[in-house]
Amino acid sequence: WTVSSDNLHEYVGKPIFTSDRLYEKDPLPHGIVMGLAWTSMGGSALYIETQGITRGLDSDGKRRGGGTLKTTGQMGDVMKESTQIAYTVARARLADIDPTNSYFDDTDIHMHVPEGATPKDGPSAGITMVTAMLSLATDKPIKSDLAMTGEVSLTGKVLAVGGIKEKTMAARRAGIKTIVLPEDCRRDWDELPEYLKDGLDIQFASDYSSVYDVAFGR
């Protein structure tokens, strides 16, 4: 007999680890960005999905809604706070990028983190959330081979997060080619073994403007 990739599962069983990709399309649909999360199993991809809801006009010709953020996906308290910070940062950045763009004033935002049965917490999806909302507001999609992790402050500073090794493993498993990391995590990256770093394009950011340049182009 011959063992091949087609019948290997008959001898060793189904794969224990599978890709975390939910979207194979490149670029991703507008408003969706891949983040990276730490888990005891070696990290995982953590998609941030956002959808805009545009209300109709009332009798005076004004929008019936707009300017609100709804979140779902069983987020913990820290992650919920991150969504509010990210929303404020996204609004401020959009005002700098295009002062004539009133997307956030005219549109309600629904943010969801898939796998709703799995509890999630922590601040490390901050820059991913900002990027997802700006993707909606600017009508620009994100590449499917880009992932990012990093806390964001209210003024747009990118802060250090943990689990860089596990998150890098998750990125490789998902076929990611470019990762955005906080500048303060450079030491953690430098200490990783070469086989984990090989072939990955790592971009370090200390301010969200650097994340924006990588995600949307300079």
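Buried here means under 20% relative accessible area, exposed means over 50%, and partly exposed is in between (1.4 Å probe, protein chains only). What you're looking at is a predicted model, where local features need pLDDT of at least 70, side-chain atom pairs count only at pLDDT 80 or more, and totals for chains, interfaces and linings use all residues. Residues are numbered from 1 along each chain as its sequence is written, and side-chain values use heavy atoms, with hydrogens and water left out.

Let's start with the rings. Tyrosine 87 is buried, at 7% relative accessible area, and phenylalanine 104 is buried too, at 3%. Rings of Phe, Tyr and Trp (its six-membered ring) pair if their centres lie within 6.5 Å; planes under 30 degrees apart are stacked, over 60 edge-to-face, and the rest tilted. The whole structure holds 3 aromatic pairs. In one of them, the centres of tyrosine 87 and phenylalanine 104 sit 5.9 Å apart with planes at 85°, so this pair is edge-to-face. Ring pairs join Tyr87, Tyr103 and Phe104 into a cluster.

Now for the charges. A salt bridge puts a side-chain nitrogen of Lys or Arg within 4 Å of a carboxyl oxygen of Asp or Glu, and the count comes to 5. Among them are these:

| Salt bridge | Closest N and O atoms |
|---|---|
| Arginine 91 and aspartate 105 | 2.4 Å |
| Glutamate 183 and arginine 186 | 2.7 Å |
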